[in-house]
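The sequence and structure come first.

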Amino acid sequence: MQPSSSGQISIRGISGSPGICIGKAYLVDKEGVNLIKRYPISDAQISKEIDRFKQAVSKAKNDYAKIIESIDKSIEDNLDILETHMALFEDKMLYGRTIDTISTDKINAEWALRKVSRRAKAMFQQIDDPYLKARVNDIDQVTDKIMSSLFGAQDKKISDINKRVILVAHDLSPADASQIQLEMIKGFVTDRGGKDSHTSIVAKSLKIPSVLGLGKAMINVKNDDILIVDGSTGLLIINPDEDTLFQYEERLTKFEAYRAGLERESHLPAVTKDGVVLNLMANIELVEEVVAAKDYGATDIGLFRTEFLYLDLRRFPTEDELFCKYKELVELMLPHSVTIRTLDINGDKVNPYLSVVEEANPSLGLRAVRFCLENEPVFITQLKAILRAAAIGNIKLLIPMISCVEEIIQVKQALCKAIHELEQENKIFNKDIPLGVMIEVPSAAIMADHLAEHVDFFSIGTNDLIQYALAIDRRNPQVAHLYQALNPAVLRMIKMTCDAAKKKGIGIVMCGEMAGDPINIPVLIGLGLTDLSMNSASIPVVKNMIRNIDSRKAENCMEKIMEFNTVKDITEYIINEYKDILPFQGTDESL
Amino acid sequence: MILKDSITITRGTSVKNELGMHARPASRIAQLAGSARFCIWLHANSTRVDATSTLDILTLCAVKGTQIVVEIENQKDMDVLNQIIDFFETGFGES
């Protein structure tokens, strides 16, 4: 960090997603849940504000009552917690004091609740007793519920944050990001997170510049400070001086012109110089992203992540709820295909009351297909919804986190059960859909030749494959720089997978972030990959790269690349061979 | 200055159940106290809390054996006082 005489501070972090933005800072509450606004209210508004708060509480209570009704009465412990929460909604220390605070401090309900809730939590945090300390969570959950019902109650009015801000947060989970009105945001910076973390994936898909892993941004930035976010080099500048500001405004203009140029051509096919056609597809999470995906020139949806509905509802959705979502998506995409990936999550994220087992290492824990096979009803519900939607549109089924042949066999058994149930229920469905597996666990890459016997296609999920192969947590800023797609060990695993698919004549797709980074494209073409799925914002720049590559040269280069044994040698070789066509990085020294 | 001259009524009891005064009994006490027409407090470990607030009651950290005093402001809430005392005496209905 370098403070200058003018008060300008520069902090270096990790590049989250490329681009530059200049704007005012907006600090997200440290807990990261919501943007909590603070605004004064007049004497005349006090009673209205109190009413708004009371309505929010009663709505939250009603919602909660519904959860209690729906929960299995045999799990008494859960019921106890929920009923305690019910009592807390109107507890004097929260409810009464929030109302008092609204009228004495003359502030909005959200801020009053936040203030009161913090005070209550502080009381419990001081207590030594672990049971009582844990009551902080109860206060948190109840506060969150009221808070979201306050937001919901005035959904339309909240759009007055439309000054287009730069978010400054401790961390942003995909769920947090989904709560924020993203069109109001120019860019964001976080203290935690590394390249390829979920946070950066969110940023990339939204086409907004971001810098992650800053460590000290929250401490140094105040609301409304002027910030420059340089997502390409991973730099945050707080309160820039005139010269810096001028310099960056110029860069911003150039970068936008460059990007606009790419986007104009993005609807054209991706064909190499020597005529090899590549199919570029989009990774999406929300049905709403389809429009952007098509704008960027995606043909198909190569990866539809299905976790959102589960996280959003905070319970397991019903077959019909899932079916409606999938139907909407496949109809929008017709005649093009949608690859639906089944639930890739730890179960406790869906329903915090479901599991009390805390996993020390969730990414190596009961997640994705492992969770689904352990909780068969959840899995079968999803499979049934997918098979039903397959009667309407063009669907491919993708199973995440497969690590051995046995799991595929179990998945097929579950599929048979789902089909049987659908037949019994006389529902319309289509069972003739391609079944694929994610190759994202090293054991799956190593066993790819055997796995190929059982499935119709592979989809290489590089984000996890790299993380597991190199034993790097990509969210840990201390080791994030060691997370390297061009690591020779990673390239060997990918090559093994490609070779196995080719030999068996099954389809192969790459759907990780690796496919969206132009520097990797010569390697992927060299390996013979023609189906790439990525965040749609990356498609224009990748297409541009593809159009400048000769596939025969890429194949030759690949042979050379496989001989190198360090990331440095590989990277330097690619940069040297392709320096004329590698894209503009936004902050190139030559500018 | 006029000093408030209301005369409060108090009764003592203690926490009898194994788990102490945890969230479920605390919210039940708050619920009982909620029907009082005047102020009602619990005292323990030389702290006084509002008996109508679950959270406030929990901050007493009342483990098994803690001496508790229930205080009401007005004679009219005698029945509420008695119900709360009974609830303590029966070990919150837990074994």
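## Contact between chain A and chain B

In this predicted model, five residue pairs are in polar contact between chain A and chain B, both residues of each pair being at pLDDT 80 or more. On the side of chain A that touches chain B, the elements giving two or more residues are α2 (76–89), α3 (92–105), α4 (109–125), α5 (130–133) and α6 (135–153) of chain A. The largest share of that side is four residues, and it comes from α2(A). Sorted by class, the side of chain A that touches chain B consists of ten nonpolar, one polar and four charged residues.

Counting both partners, 15 residues of chain A and 13 residues of chain B take part in the contact. About 1300 Å² is buried between chain A and chain B, and 71% of this lies on carbon and sulfur atoms.

## The salt bridge across the interface

One salt bridge is found across the interface of chain A and chain B. Its partners are A:Lys92 and B:Asp50, whose closest N and O atoms are 3.1 Å apart. A:Lys92 belongs to helix α3 of chain A and B:Asp50 to strand β3 (residues 47–50) of chain B, so this pair joins two chains.

The two partners can be described by their accessibility. A:Lys92 is partly exposed, at a relative accessible area of 41%, whereas B:Asp50 counts as buried, with 19% relative accessibility. The value for B:Asp50 falls under the 20% cut-off for buried residues.

## Salt bridges within chain A

Over all chains, the count comes to 28 salt bridges. One of those within chain A pairs the side chains of A:Arg367 and A:Asp464, at 3.2 Å from N to O. A:Arg367 sits in the loop between α14 (347–350) and α15 (368–374) of chain A, and A:Asp464 in helix α20 (residues 462–470) of chain A, so the pair ties together parts 97 residues apart in sequence. A:Arg367 is buried, with a relative accessible area of 9%, and A:Asp464 also counts as buried, at 7% relative accessibility.

A further salt bridge is formed by A:Glu425 and A:Lys384, with the closest N and O atoms 3.0 Å apart. This pair links distant parts of the chain, 41 residues apart: A:Glu425 is in the loop between α17 (405–424) and β15 (435–439) of chain A, and A:Lys384 is in helix α16 (residues 376–389) of chain A. A:Glu425 counts as partly exposed, at 36% relative accessibility, while A:Lys384 counts as buried, at 5%. Through shared partners, salt bridges join A:Glu319, A:Asp320, A:Lys384, A:Arg388, A:Glu421, A:Glu425 and A:Lys427 into one network.

## Nonpolar cores

The largest nonpolar core has 112 residues. Those with the most contacts inside this core are A:Leu280, A:Ile399, A:Phe458, A:Ile494, A:Met510, A:Ile521 and A:Leu532. Leaving aside residues up to four places away in sequence, A:Leu280 touches A:Ala270, A:Gly297, A:Ala298, A:Thr299, A:Asp300, A:Leu532, A:Met534, A:Ile539, A:Val542, A:Lys543 and A:Ile546.

Another core, of 62 residues, lies apart from the largest one. Among its residues are A:Leu94 and A:Leu132 from chain A, together with B:Leu42 and B:Ile68 from chain B.

How values were computed:
Residues are numbered from 1 along each chain as its sequence is written. Chains are lettered from A and ligands numbered from 1 in the order in which they are written. This is a predicted model: local features need pLDDT of at least 70, side-chain atom pairs count only at pLDDT 80 or more; totals for chains, interfaces and linings use all residues. Side-chain values use heavy atoms; hydrogens and water are left out. Contact means heavy atoms within 4.5 Å. Buried area is the accessible area (1.4 Å probe) that two parts lose on being put together, summed over both. A salt bridge is a side-chain nitrogen of Lys or Arg within 4 Å of a carboxyl oxygen of Asp or Glu. A polar contact is a pair of N or O atoms within 3.5 Å; within protein, one must be able to donate a hydrogen and the other to accept it, and residues adjacent in sequence count only if both atoms are side-chain atoms. Ala, Val, Leu, Ile, Met, Phe, Trp, Tyr, Cys and Pro count as nonpolar, Asp, Glu, Lys and Arg as charged, and the others, Gly among them, as polar. A nonpolar core is a set of buried Ala, Val, Leu, Ile, Met, Phe, Trp, Tyr and Cys residues joined through side-chain atoms within 4.5 Å. Buried means under 20% relative accessible area, exposed over 50%, partly exposed in between (1.4 Å probe, protein chains only).
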